[in-house]
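Hi everyone, thanks for coming.

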Amino acid sequence: MNSCKIFVEYGEGSAVSTLGDVYSLGILLLEMFTGMSPTDDMFRDSLDLHSFSEAAHPDRILEIADPTLWVHVDAEDSITRSRMQECLISVIGLGLSCSKHQPRERMPIQDAALKMHAIRDDAYQMFSGSLSVDMEEETKQISSDLKQQ
């Protein structure tokens with residue numbers, strides 16, 4: 001078993017189950033927030049996306065985060081950086097909980113859904129003020145650019 005652990009139960013001929021779906025959700029979250037694919041060349045032998053992410057969680061989470069997450073935020077702002085770190089710890093933690101190799105160790109799908117909603121709500125509360133100001137400034141800049149054309 002090397003890098004192709006995406007549908008581990010399904011590939012081994014097991015019946016489709018919510019535990020397999022939970023695993024897929026976990027891997028998808030890890031992919032989205034690290035920007036890495038589980039089939040990346042760096043994942044060989046015992047290293048896979050799950051163990052790579054687990055090794056960085058929580059203390060080195062910013063090191064494995066997809067750099068494109070910073071495109072619309074100021075990465076140098078310590079408050080924004082801290083908020084992003086909190087969100088990444090939560091979402092990658094959820095990805096890790098869902099993608100455990102042993103199906104019985106994974107959280108139930110209902111709990112994963114509740115956790116995703118909680119992470120979304122927390123992120124909205126953390127960023128709603130700063131993002132609305134940023135969006136307002138960006139909208140003004142776009143309007144100004146369009147007028148100059």
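Let's begin with helix H3, whose buried residues pack against H2, H4 and helix H5 (78-98). Helices here are DSSP runs of H or I with at least four residues, numbered from the N terminus, and packing rests on contact, meaning heavy atoms within 4.5 Å. Before going further, please note that this is a predicted model: local features need pLDDT of at least 70, side-chain atom pairs count only at pLDDT 80 or more, and totals for chains, interfaces and linings use all residues. Residues are numbered from 1 along each chain as its sequence is written, and side-chain values use heavy atoms, with hydrogens and water left out.

Which residues of H3 are buried? They are Leu49, His50, Phe52, Ser53 and Ala56. They lie on the same side of H3, because they cover an arc of only 165° around the axis, taken from the directions from the helix axis to the C-beta atoms. Buried means under 20% relative accessible area, exposed over 50%, and partly exposed in between, with a 1.4 Å probe and protein chains only.

Now the loops on either side. Asp45 sits in the loop between helix H2 (18-34) and H3. Its phi is near 55°, a positive value in a residue other than glycine. Most residues other than glycine have a negative phi, and most peptide bonds are trans. Is Asp45 buried or exposed? Asp45 is exposed, because its relative accessibility is 67%.

Pro58 is in the loop between helix H3 (49-56) and helix H4 (61-64), and a cis peptide bond joins His57 to Pro58, with omega about 0°.

Technical notes
Helices (H or I, at least four residues) and strands (E, at least two) are DSSP runs, numbered from the N terminus.
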